[in-house]
Amino acid sequence: MTIAGRGAPKMMLVVFATLSLALLAAYCGPRWLAIVAMLACLALSTGLFLFEIYSPEYGFRMPWLQVELDAVPQVWSRGDPA
Amino acid sequence: MNKRTGARLPATLNDLFQLAMMLTMAAILTAAMVLQYDGGEIPCPLCLLQRVAMFGVCFGIIMHFRHGYSARNDGTGMLFALLLMMVSVRQSLLDIYPRPGHSYIGSAVLGLHMPVWSVVIAMAILAAFAIKFAILGDEHLRDRPPSPALGRLAKLVSLYVIVVCLINLGSVILQCGVDACHTSGYRLLGGS
């Protein structure tokens, strides 16, 4: 399912708006505004990241990454009576 | 070396370090914009979040040159480097196994695609901060304003970074409008 189908995140615009505000305030505005805007940007970015990678089917899992072997190779140690 | 010069040297080295890092971030963000506007490679949502993280690293540096040294500024930069690492590692793992609808976005540079480069960049930023702290510490950096010459240069680079950020804001408005971002085109220019 596409991201838009899950209820579109409209946060990218807000993320970049708060980021721009934070950078402008850091350059020539009050310090508290820069810090508050950057904290908001960090929180929104993290939320948007989690939203983007979440799949209704898999959750946060990545089942296409298989690290288990399909069949256990038949390897015996030296001295194994089998 | 007298005591005054000896105490000033770590602060100057720290200023040089911060300026070099901001210049590097500015160069990377500029290259991303060139690939986007000249190469026609429209960024995906995770790519945009990686740009946000790089701007976040610059934020700590801008704060340093405006308000003086604080470990909090470096901490902010490292926090955003960590965000960059998280996003880029996840995106690399999303696209590492070719399957329908999932392949690396954009062209490869020196054989590595953009999210893989972001992993390298995030590791380099964190390593650079770690080396800086290991060599310079922070006891000689407190209560020392940035050197005037480097401060002036940093102001220019800061302004450039802010302009790049505002261009990205405009680009996001064109690409996404107030909806989800897609790589198929610029929504407000008639793309899907």
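Predicted model: local features only at pLDDT ≥ 70, side-chain atom pairs only at ≥ 80, totals over all residues.
I began with confidence: chain B has a mean pLDDT of 86, and 92% of its residues reach 70 or more. pLDDT is the predictor's confidence in each residue, from 0 to 100. Residues are numbered from 1 along each chain as its sequence is written, with chains lettered from A and ligands numbered from 1 in the order in which they are written.

I read the scores for the complex next. The predictor gives an ipTM of 0.87 and a pTM of 0.85. Chain A averages a pLDDT of 81, and 73% of its residues score at least 70. Residues 1-8 of chain A fall below 50 in pLDDT, yet this stretch has ten contacts in the model beyond near neighbours in sequence. I count a contact when two C-beta atoms, placed from the backbone, lie within 7 Å.

**Chain B, overall**

I looked up the secondary structure. Chain B has five helices and zero strands, in the pattern α-α-α-α-α along the sequence. Helices (H or I, at least four residues) and strands (E, at least two) are DSSP runs, numbered from the N terminus. The C-alpha atoms of chain B fill a box of roughly 65 × 35 × 25 Å along the principal axes. Of its 192 residues, 35% count as buried. Buried takes 20 or more other C-beta atoms within 10 Å of a residue's own, exposed 12 or fewer, and partly exposed lies in between; C-beta atoms are placed from the backbone. Among contacts in chain B between residues at least 6 apart in sequence, 72% join residues at least 24 apart.

**Chain A, overall**

Chain A has two helices and zero strands. Of its 82 residues, 27% count as buried. For contacts between residues at least 6 apart in sequence, 47% join residues at least 24 apart.

**The interface**

I listed what meets what. In chain B, 34 residues are in contact with 30 residues of chain A. On the chain B side, helix H2 (45-67), H3 and helix H5 (148-176) each give two or more residues. H2(B) gives the most, with twelve residues. That side divides into 25 nonpolar, five polar and four charged residues. Here Ala, Val, Leu, Ile, Met, Phe, Trp, Tyr, Cys and Pro count as nonpolar, Asp, Glu, Lys and Arg as charged, and the others, Gly among them, as polar.

**Helix H5 of chain B**

I checked its length. At 1.5 Å a residue, the 29 residues of H5(B) should span 42 Å, and the end C-alpha atoms are 41 Å apart, which agrees. The expected span is 1.5 Å times one less than the number of residues. The buried residues of H5(B) include Val161(B), Val164(B), Cys165(B) and Asn168(B). Just after H5(B), Gly177(B) takes a positive phi of about 60°.

**Two leucines**

Leu29(B) sits in helix H1 (residues 3-37) of chain B. It counts as buried because it has 20 C-beta neighbours inside 10 Å. Outside four places in sequence, Leu29(B) is in contact with Arg51(B), Met54(B) and Val164(B). Its C-alpha atom is separated by 10.0 Å from that of Gln50(B), 21 residues apart along the chain.

Leu110(B) lies in the loop between helix H3 (71-95) and helix H4 (114-136) of chain B. Leu110(B) is exposed because 5 other C-beta atoms lie within 10 Å. Its phi is near 55°, a positive value in a residue other than glycine.
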